[in-house]
Amino acid sequence: APGGEEPCVFCRILASGEPDEVTHVLWRHPGGGAVALLNAYPYTSGHLMVMPSRHVRRLDGLSPDESAALWEGIGLAVRAIEAAYRPEGLNLGANLGRAAGAGIPDHLHFHALPRWVGDTNFTTAVAGLRVLPEALGDTAARLRAAWP
C-alpha cells in the first residue's frame with residue numbers, strides 16, 4: 001500500500017503467491033490490470049468482486065488500460081454469474097468511500113452478485129450466524145467453469 005501502510009486484504013491476497021484455487025481468485029486480466037475474486041462474506045452464492053490489480057482508491061486514479069481491464073472483467077463476471085446461476089436479476093456496483101458502505105474503501109472494487117425475486121435481499125445473518133448455502137470452493141469451481 002502507498003505510504004508504507006500495511007497492505008490491504010486484497011493486496012495481501014494478490015501478493016500471497018498462493019494458488020488461485022486457495023485465494024478464490026477467479027480471473028486475472030492477461031495484461032495484469034484487473035482481477036476477479038470471490039467475496040469471503042457473500043450476500044448470495046456467486047457474489048464476486050472485480051477490481052484493479054493495483055491498489056487504487058478512485059476511478060479517476062485508474063490508467064486507461066486499467067480502466068479497460070476493469071470493465072472487461074466486470075462484463076465477464078456478469079456473463080459468468082448469468083451462466084452459472086441463471087439469476088432473475090443481478091446487482092452490480094461499488095461502494096465508494098466508507099460513508100457509502102465500503103468495507104475496504106482504499107482499494108476500488110465492484111461487487112457482482114446474482115439475485116432472485118423473493119431472495120433474502122441481503123439478509124445474511126440470523127441470530128449471529130451467516131447464511132451461506134454454498135461453500136466458497138464450490139462457488140469458485142462453478143464460476144470458473146462458466147467464465148467466458
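## Sheet, helices and surface of a predicted model

Gly137 lies in helix H4 (residues 136-146); helices (H or I, at least four residues) and strands (E, at least two) are DSSP runs, numbered from the N terminus. This is a predicted model, in which local features need pLDDT of at least 70, side-chain atom pairs count only at pLDDT 80 or more, and totals for chains, interfaces and linings use all residues. Residues are numbered from 1 along each chain as its sequence is written, and side-chain values use heavy atoms, with hydrogens and water left out.

Two residues are listed with their accessibility (buried under 20% relative accessible area, exposed over 50%, partly exposed in between; 1.4 Å probe, protein chains only).

| Residue | Relative accessible area | Class |
|---|---|---|
| Gly137 | 40% | partly exposed |
| Leu96 | 52% | exposed |

Leu96 sits in the loop between E4 and E5.

Five strands form an open sheet in the order E1-E2-E3-E5-E4, with antiparallel pairing; two strands pair if DSSP finds at least two bridges between them. Strand E1 (25-28) and strand E4 (89-93) are the edge strands, each pairing on one side only. From one strand to the next, the twist averages 15 degrees; axes are lines fitted to C-alpha atoms, for helices over the stretch in contact, and angles run from 0 to 180 degrees between N-to-C directions. Helix H3 (residues 64-85) packs on the sheet and touches E1, strand E2 (34-38), strand E3 (48-52), E4 and E5, where contact means heavy atoms within 4.5 Å. The direction of H3 makes about 165 degrees with that of E3. E4 and strand E5 (residues 110-115) pair in the antiparallel sense over five bridges, and Ala112 in E5 is the bridge partner of Leu92.
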